[in-house]
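Please keep the sequence and the structure in view while reading.

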Amino acid sequence: MIESRHLTKRYGEKTAVDRLDFTVKPGGVAGFLGPNGAGKSTTMRLILGLDAPTGGTAHINGRRYAQYAAPLQEVGALLEAKSVHPGRSAFAHLMGLAYTHGIPRRRVEEVIELTGLQAVAQKRAGAFSLGMGQRLGIAAALLGDPATIILDEPVNGLDPEGVRWIRDLLTSLAAEGRTVFVSSHLMSEVAQVADHLIIIGRGRLLADTTVHDLIRQAGGDRVKVAGADPARLRELLAGPGVAITDRTGSEELEVTGLPAREIGSRAAAAGIALYELTPVPVSLEQAFMDLTSDAVEYHGSTPLARTAAGADDQAAKNGSTA
Ligand SMILES: Nc1ncnc2c1ncn2[C@@H]1O[C@H](COP(=O)(O)OP(=O)(O)OP(=O)(O)O)[C@@H](O)[C@H]1O
């Protein structure tokens with residue numbers, strides 16, 4: 001269990017983490033989301049005692065990280081891939097870590113196999129690709145068989161096969177009852193493994209929610225229905241918690257609060273032919289962007305937008321309108 005209470009970190013004028021309160025429970029994967037610069041890495045560093053908070057506390061299973069005598073066996077973390085001596089082999093790197101914690105060679109071999117590094121275990125880590133470095137970082141995180149696992153952007157640099165591997169790994173670690181806390185700035189990625197979502201922006205908590213609730217909030221339980229008798233359909237579907245919208249003259253309804261299956265069954269029971277019954281897909285990525293739009297620090301612009309803006313500026317200077 002990870003508990004952050006009023007966790008705050010200021011760097012001079014900059015508040016990187018702002019009174020963050022959240023709890024990550026064991027037995028599930030919690031996704032830690034936020035745009036670039038939101039404060040995810042800083043929060044993880046504070047949890048891992050790599051930086052001291054300006055205020056508040058971060059506890060892992062009731063204690064600060066620094067209070068553990070053998071932290072590798074309590075918490076496994078991947079913060080920055082390639083924090084490895086480039087001249088050392090993957091095997092030597094892991095053996096070095098194992099040695100400091102009395103972890104046997106057998107466990108080193110196990111994590112090498114688990115992370116698919118057998119073929120390159122004796123190669124210099126400095127020559128590793130980003131994906132291999134990421135696997136090595138994960139191998140190190142799992143070395144002490146920890147109950148808590150904290151990974152900062154673990155899919156960075158991984159190919160699709162690697163991404164799927166991480167997904168399965170995280171799911172199985174959580175199923176073993178571990179606490180798994182994973183950061184990302186990609187909602188679509190996190191939604192595939194995490195149920196619990198902690199979303200931050202500019203250091204502040206924006207949402208502590210679940211994928212299910214976020215989908216609902218984003219209007220994900222909408223169904224488009226078209227049928228032979230829209231007025232009668234409306235009556236059949238109306239009820240508490242159900243909202244129905246229609247357009248005059250259209251045979252189409254939009255229903256919120258009833259699953260497509262139930263709508264289809266009620267229509268069939270009443271003998272009304274349906275022409276369309278379509279759950280309206282929601283973009284979780286869009287829901288995430290809506291939630292964090294005010295907290296995005298680094299807005300990009302497309303060359304096209306810049307050209308258009310430039311053209312407008314020019315037009316304004318010339319006193320003309322486009
Ligand atoms: N050592 C530091 N000194 C000054 N400012 C810092 C320091 N570390 C982080 N920051 C600032 O704190 C804010 C949060 O940074 P952080 O790296 O935690 O964000 P992040 O959510 O992990 O972003 P990303 O997704 O880009 O990795 C940023 O504005 C960053 O510039």
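In what follows, helices and strands are DSSP runs, numbered from the N terminus; a helix has at least four residues and a strand at least two. The model under discussion is a predicted one.

The residues around the ligand are Tyr 11, Lys 14, Ala 16, Gly 34, Asn 36, Gly 37, Ala 38, Gly 39, Lys 40, Ser 41, Thr 42 and His 185. Sorted by class, this shell holds three nonpolar, seven polar and two charged residues. Which element gives the shell its largest share? That element is H1, with three residues.

Because eight of the eight residues of H1 are buried, the helix is largely enclosed by the rest of the structure. After H1 comes Gly 49, which has a positive phi, near 65 degrees.

The view may now widen to the whole chain. The protein chain contains 11 helices and 13 strands. Its radius of gyration is 25 Å, well over the 20 Å that the globule rule gives for 322 residues, so the chain is more spread out than a compact globule. Along its principal axes, the C-alpha trace spans about 75 × 65 × 40 Å. The domain assignment divides the protein chain into domain 1 (2-215) and domain 2 (221-279). The centres of domain 1 and domain 2, taken over C-alpha atoms, are separated by 45 Å. Of the 322 residues, 35% count as buried. Among contacts with a separation of 6 or more, 69% join residues 24 or more positions apart.

How confident is the prediction, and where is confidence lowest and highest? The average pLDDT of the protein chain is 87, and 91% of the residues score at least 70. Confidence is highest in strand S1 (residues 2-11), at a mean of 98, and lowest in helix H11 (residues 303-317), at 42. Over residues 304-322 the pLDDT stays under 50, and for this stretch the model has six contacts beyond four places in sequence. The model as a whole scores ipTM 0.96 and pTM 0.80.

Most residues other than glycine have a negative phi. Against this background, two residues may be considered together. Asn 61 is not a glycine, yet its phi is positive, about 45 degrees. It lies in the loop between strand S4 (55-60) and strand S5 (75-78). Glu 153 likewise is not a glycine and has a positive phi, of about 50 degrees. This residue is found in the loop between strand S6 (148-152) and helix H5 (160-175).

The next residue, Gly 27, lies in the loop between S2 and strand S3 (28-33). Gly 27 is exposed, because it has 12 other C-beta atoms within 10 Å. Leaving aside neighbours within four places in sequence, Gly 27 is in contact with Ala 174 and Gly 177. Gly 27 and Met 1 are 26 residues apart in sequence, and their C-alpha atoms are 9.4 Å apart in space.

Arg 106, in helix H3 (residues 105-114), is also exposed, since it has 8 other C-beta atoms within 10 Å. Its C-alpha atom is separated by 16 Å from that of Pro 146, 40 residues apart along the chain.

Finally, Val 242 lies in the loop between helix H8 (230-237) and strand S11 (243-246). With 13 other C-beta atoms within 10 Å, Val 242 is partly exposed. Not counting residues up to four places away in sequence, Val 242 touches Leu 237, Val 255, Thr 256, Gly 257 and Leu 258. The C-alpha atoms of Val 242 and Val 255 are separated by 7.0 Å, although the two residues are 13 residues apart along the chain.

Methods
Residues are numbered from 1 along each chain as its sequence is written. This is a predicted model: local features need pLDDT of at least 70, side-chain atom pairs count only at pLDDT 80 or more; totals for chains, interfaces and linings use all residues. A residue is near a molecule or strand if its C-beta atom, placed from the backbone, lies within 6 Å of it. Ala, Val, Leu, Ile, Met, Phe, Trp, Tyr, Cys and Pro count as nonpolar, Asp, Glu, Lys and Arg as charged, and the others, Gly among them, as polar. Domain bounds come from an automatic or database domain assignment. A residue is buried if 20 or more other C-beta atoms lie within 10 Å of its own, exposed if 12 or fewer, and partly exposed in between; C-beta atoms are placed from the backbone. The radius of gyration is taken over C-alpha atoms; the globule rule is 2.2 Å times the number of residues to the power 0.38. Two residues are in contact if their C-beta atoms, placed from the backbone, lie within 7 Å. pLDDT is the predictor's confidence in each residue, from 0 to 100.
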